[in-house]
Amino acid sequence: MLKKLQPLRNCALAVSATLMTMNLVQAQNLDKKVVTDKYMRNSVCMLMMEDASVPQKEILRDAFLNAELNNKYNNHNLKVRIMDPDQLQLTAQDEAAFNLACTTTDQYNELAKSGGPAPKQNFYNENMTQILRLIMAEMSQTVDTVIQLNAARMANKFIIEQGIAKQCVDKWFFDEQGQYSEALIEERGLLEASAAEIDIANASLAQQQKLLREKCDINELLGNTFVVVTRFSYKPKDGVIDDRLLPLEAAAQLDSSGQSAMGLKIAKMGIKASVGAGYYVTVDSYLFRLRWNEELTNEFYSLWNETGEFDREKYEASNLASLQFIGNERAWVRTKAGIFTDKSEEELIRLAAVDAVDEVLAKFERKYDQFKTKTPLYIREIEDKKGKMQRVYGARIGTRDGLTGGEVFEVLEKSIDTLENGTARINYKKKGELVVDKKHVWDNTFSTLKGGNVSTSENDMTILTGKDKNAYYEGQLLRMKTKK
């Protein structure tokens with residue numbers, strides 16, 4: 001049934017007159033598998049590092065606790081949500097523990113066996129050429145300060161003391177009453193299993209284990225579990241400028257040649273010009289990933305005894321849970337106060353807080369391959385004025401996900417292979433690439449959608465362009481390509 005193509009909502013990115021006159025048709029005979037929201041997402045646990053000195057801290061805390069996580073992620077939040085850094089004192093042992101958390105899983109396992117120390121983490125690269133390049137780069141968000149490094153260490157200390165890694169694993173396999181349960185695994189991991197197969201599996205734990213091995217890729221499911229620790233601030237323009245200059249000034253001080261001083265002056269001018277007047281919610285976030293590999297998967301499957309029952313005692317004695325520190329990012333979002341809104345300051349701070357968290361998560365995705373998400377490919381057919389049918393590629397992601405236009409996405413085809421031991425492994429084969437159309441980026445920012453400025457519909461999406469290939473069909477997935 002024909003439907004009018006609704007204009008995308010972003011006023012700054014108006015839909016072209018041509019597309020506005022085209023008719024939209026649900027793709028027919030194009031899909032091998034109907035597009036679905038049932039695809040494997042990253043599971044994210046959000047923690048907050050609270051600072052008693054931050055203005056409006058009660059509003060920021062409440063906004064964090066009640067925020068709607070972007071639905072491209074699975075909500076893996078725990079009962080523990082807030083940490084108080086004033087209750088933690090860093091020691092030499094905490095520094096060593098953070099150094100260990102920064103190692104790759106292979107290094108981590110080797111050090112666990114040998115008992116040796118992990119390499120010390122340097123937060124400045126002392127190569128002057130690289131420092132200069134960082135200063136001249138766009139706001140240089142890759143240079144850490146002493147504050148950032150200590151905050152990351154503090155987050156790691158809290159994670160260890162509270163057993164956050166173990167709690168993340170527990171959430172996969174136990175319900176709120178502490179009883180072993182496959183419910184979450186079925187919801188997030190058994191996406192390829194039929195209802196009949198799940199019914200059979202529910203008859204016994206042995207059948208559940210069999211279905212898990214054959215249909216669920218535990219490596220990918222648990223290996224894409226992340227913990228994000230976020231610090232909030234609420235500052236005027238001058239405070240934001242000072243934050244942005246601090247790492248640049250610290251880096252410049254390491255350069256005795258004086259060349260960095262000139263670069264710093266240029267950076268200062270650019271920063272001051274880019275920051276508008278008003279107040280900003282700023283976030284510093286620290287990304288951790290649950291360590292999971294083939295060895296841990298095999299250990300997990302060994303937790304069932306000969307009668308097919310899950311051995312809880314053996315599980316509690318195991319060492320399945322640890323987190324790797326991936327990196328940190330910072331984001332700023334200005335509260336949209338003024339004559340253009342009738343919202344209270346509290347409402348504006350809440351909206352800006354969620355937008356800032358979304359922005360920092362989008363930065364993680366652009367920077368770290370480990371955190372990259374996937375999203376379903378939509379295909380529509382449009383009829384132009386001449387009656388010619390054309391394909392349109394779309395995705396239900398947009399400005400909230402950090403898109404501005406020009407981003408390149410790989411088109412992936414998913415398949416499930418069965419290994420010799422009978423376990424499932426998911427593979428993704430690249431079929432081509434699509435590029436985000438700069439004129440058709442969906443404005444799905446949280447403050448835009450929840451601020452009452454627009455309505456949403458099934459046709460709200462970002463448009464992607466590329467060579468028309470018959471290999472593309474609904475049910476394939478899109479993954480952002482890393483810029484080299």
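So, let's start with K414, which sits in strand β12, residues 408-418. Before I go on: this is a predicted model, where local features need pLDDT of at least 70 and side-chain atom pairs count only at pLDDT 80 or more, while totals for chains, interfaces and linings use all residues. Residues are numbered from 1 along each chain as its sequence is written, and side-chain values use heavy atoms, with hydrogens and water left out. When I say helix or strand, I mean DSSP runs numbered from the N terminus: H or I with at least four residues for helices, E with at least two for strands.

Is K414 buried, exposed or in between? With a relative accessible area of 27%, K414 counts as partly exposed. The cut-offs are under 20% for buried, over 50% for exposed and partly exposed in between, using a 1.4 Å probe and protein chains only.

Who does K414 touch? Skipping its neighbours within four places in sequence, K414 is in contact with E192, I426, N427 and Y428, where contact means heavy atoms within 4.5 Å. Also, the C-alpha atoms of K414 and L477 are separated by 7.7 Å, and those two are 63 residues apart along the chain.

Now zoom out to the strand itself. β12 pairs with β13, residues 424-436, in the antiparallel sense over 11 bridges; two strands pair if DSSP finds at least two bridges between them.

Next stop, the aromatic rings. A pair of rings is described by the distance of the centres and the angle of the planes. Rings of Phe, Tyr and Trp (its six-membered ring) pair if their centres lie within 6.5 Å; planes under 30 degrees apart are stacked, over 60 edge-to-face, and the rest tilted. How many aromatic pairs does that rule give? The count is 16. Take Y180 and F310: their ring centres are 4.4 Å apart and their planes are at 25°, so this pair is stacked. Y180 is in the loop between α7 (164-173) and α8 (183-188), and F310 is in the loop between α14 (294-301) and α15 (312-317), so the pair ties together parts 130 residues apart in sequence. Both Y180 and F310 are buried. Now compare F364 and F371: centres 6.1 Å apart, planes at 80°, so that pair is edge-to-face. F364 and F371 are both buried too.

Ring pairs also link a cluster, with F173, F174, Y180, F300, Y301, F310 and Y315 in it. R213 lies over the face of Y301, 4.4 Å from the ring centre. For a charge to sit over a ring, NZ of Lys or CZ of Arg has to be within 6 Å of the ring centre and within 35 degrees of the ring normal. R291 does this with Y108, at 4.1 Å from the centre.

To finish, the whole protein. It has 17 helices and 15 strands, and buried residues make up 50% of its 484 residues. Among contacts between residues at least 6 apart in sequence, 79% join residues at least 24 apart.
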